[in-house]
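Here's a quick walk through one model, going from a single loop residue out to the whole chain. Have the viewer open as you read.

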Amino acid sequence: MKCGMIQDLLPLYYENLTSQESNQEIETHLNTCKICAEFYETIKSNPTTQEIPNHDIQPLKKIKKSVMIKAIVSFFVGAVLLASIFLFLFWGVIPAKQEDIQVSYTAEMLENGDYEIDFAFSATGNWILNSRVKRTENSFYQEELKLYCVKKIPYDNRETGDFSLGFVKTEPFSEEDILIIDYRDKDITYSLKEIAEQAGLQ
Ligand SMILES: [Zn+2]
């Protein structure tokens with residue numbers, strides 16, 4: 001056999017894929033041909049460069065891929081879960097129901113003749129109060145107050161978050177002066193004018 005043919009067969013020979021007859025030919029040639037013997041040495045010393053049949057590696061790749069996807073999915077599910085718990089406990093993204101909040105107000109005339117109404121909000125039960133006030137920049141008050149609650153956890157010594165909201169006007173309150181409280185279950189609108197009138201201020 002010619003050297004070219006031998007060298008073509010050598011990778012197969014190395015993998016034991018050649019016939020007995022070919023093996024004898026190859027071995028005889030290798031004993032006599034230095035060039036082919038050296039070529040065979042390089043094949044033996046670099047077995048990793050030999051192509052591994054494709055059908056063996058494919059299932060492995062698939063398994064690796066599905067394990068990766070599972071890992072990524074569980075990572076994100078875990079992250080979202082942790083974030084939700086964190087938000088629920090510490091930031092107060094759960095809107096309060098009307099029954100969770102106690103609202104009281106006082107109306108009085110100040111010494112300088114200004115009209116003042118003060119609202120006080122406190123959480124009942126195991127809630128901690130949080131709020132977002134949307135102030136509108138008008139000549140009159142028209143505030144929207146969203147109340148959020150945080151659940152108290154055992155051994156939780158955080159303040160209950162009670163707060164107050166004051167309205168002061170130099171003239172009597174008008175019908176446009178309102179406070180809207182957005183609860184989870186309903187919206188309640190307070191008329192500042194009515195409150196002032198009930199208190200005998202105006
Ligand atoms: Zn040769």
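## A glycine in a loop

Start with G161, which sits in the loop that links β5 (142-151) and β6 (163-169). Keep in mind that this is a predicted model.

Which residues does G161 touch once its neighbours within four places in sequence are set aside? The contacts are A123, I128, L129 and N130. Take N130: 31 residues separate N130 from G161 along the chain, yet their C-alpha atoms are 6.3 Å apart.

## The sheet with β6

β6 also belongs to an open sheet of 3 strands, ordered β2-β3-β6 with antiparallel pairing. At the edges are β2 (101-109) and β6, each of which pairs on one side only. Direction ignored, neighbouring strands here are turned by 15° against each other on average.

Zooming in on one pair, β2 and β3 (residues 115-123) run antiparallel and are joined by 9 bridges.

## Helix α1

Now over to α1, which covers residues 3-14.

I6, L10 and Y13 are the buried residues of α1. They cover an arc of only 75° around the axis, so they lie on the same side of the helix. That buried set packs against α2 (20-32) and α3 (34-45). On the face turned away from the buried side you'll find the exposed residues G4 and D8. Just after α1 comes N16, with a positive phi of about 60°.

## The whole chain

Stepping back, the protein chain has 5 helices and 8 strands. Reading from the N terminus, the elements go α-α-α-α-β-β-β-β-β-β-β-β-α.

How much of the chain is buried? Of its 202 residues, 15% are. As for contacts between residues at least 6 apart in sequence, 62% join residues at least 24 apart. The G161 and N130 contact we began with spans 31 residues.

Note on methods: Residues are numbered from 1 along each chain as its sequence is written. This is a predicted model: local features need pLDDT of at least 70, side-chain atom pairs count only at pLDDT 80 or more; totals for chains, interfaces and linings use all residues. Helices (H or I, at least four residues) and strands (E, at least two) are DSSP runs, numbered from the N terminus. Two residues are in contact if their C-beta atoms, placed from the backbone, lie within 7 Å. Two strands pair if DSSP finds at least two bridges between them. Axes are lines fitted to C-alpha atoms, for helices over the stretch in contact, and angles run from 0 to 180 degrees between N-to-C directions. The expected span of a helix is 1.5 Å times one less than its number of residues. A residue is buried if 20 or more other C-beta atoms lie within 10 Å of its own, exposed if 12 or fewer, and partly exposed in between; C-beta atoms are placed from the backbone. The arc is that of the directions from the helix axis to the C-beta atoms.
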